[in-house]
Amino acid sequence: MKTIPVEAYFVVSMVLFGLGVIGLIARRNLVTVLMSLELALNAVNVAFVGADAHMGLVEGQIFALFVIALAAAEAAVGLGIIIAIFRYRYVESTDEITDMRG
């Protein structure tokens, strides 16, 4: 069985992470910013699993599970905050949020 070289994992991870960072910087919609953050976190997971597969260890998969749990918590809290902001201020862009007072 031919294995995938670890460089391929890292290249895919860098491309995904770059797209996530570009989405974080360029996009203004709150949901799109949250999705870009998720893409960047999943790029880290690809790098962890790729390194883990190359070295034959288990720690990469454990770190990937922690990142997945962190991403799920971040998505739940982030979506809650986005929904609350939209309900109270009727904004959906990061440019329109100028203060965080209650």
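**View 1. Helices α2 and α3 are roughly antiparallel to each other.** The label applies to angles over 145 degrees, with under 35 degrees counting as roughly parallel, 65 to 115 as roughly perpendicular and the rest as oblique. The axes of α2 (residues 30–55) and α3 (residues 59–89) cross at roughly 175° and come within 9 Å. Each axis is a line fitted to C-alpha atoms over the stretch in contact, and angles run from 0 to 180 degrees between N-to-C directions. The contact of α2 with α3 has 16 nonpolar, 4 polar and 4 charged residues. Here Ala, Val, Leu, Ile, Met, Phe, Trp, Tyr, Cys and Pro count as nonpolar, Asp, Glu, Lys and Arg as charged, and the others, Gly among them, as polar.

This is a predicted model, in which local features need pLDDT of at least 70, side-chain atom pairs count only at pLDDT 80 or more, and totals for chains, interfaces and linings use all residues. Residues are numbered from 1 along each chain as its sequence is written, and side-chain values use heavy atoms, with hydrogens and water left out.

**View 2. Confidence is shown as pLDDT, the predictor's confidence in each residue, from 0 to 100.** The protein chain averages 88, and 95% of the residues score at least 70. Among the elements, helix α1 (residues 6–26) has the highest mean pLDDT (94) and α3 the lowest (89). Helices (H or I, at least four residues) and strands (E, at least two) are DSSP runs, numbered from the N terminus.

**View 3. An unreviewed UniProt entry lists residues 6–26, 33–51 and 63–86 as "transmembrane region".** Such annotations may be inferred rather than shown by experiment. Residues 6–26 are 100% helix and 0% strand, with end C-alpha atoms 30 Å apart. Residues 63–86 are also 100% helix and 0% strand, and their end C-alpha atoms are 34 Å apart.

**View 4. Phe86 and Tyr90 form an edge-to-face aromatic pair.** Their centres are 6.4 Å apart and their planes 75° apart. Rings of Phe, Tyr and Trp (its six-membered ring) pair if their centres lie within 6.5 Å; planes under 30 degrees apart count as stacked, over 60 as edge-to-face and the rest as tilted. Phe86 is partly exposed at 41% relative accessibility, whereas Tyr90 is exposed at 64%. Buried means under 20% relative accessible area, exposed over 50%, and partly exposed in between (1.4 Å probe, protein chains only).

**View 5. Ile83 lies in helix α3.** Its relative accessible area is 44%, so Ile83 is partly exposed. Ile83 and Val31 are 52 residues apart in sequence and 9.7 Å apart in space, C-alpha to C-alpha.
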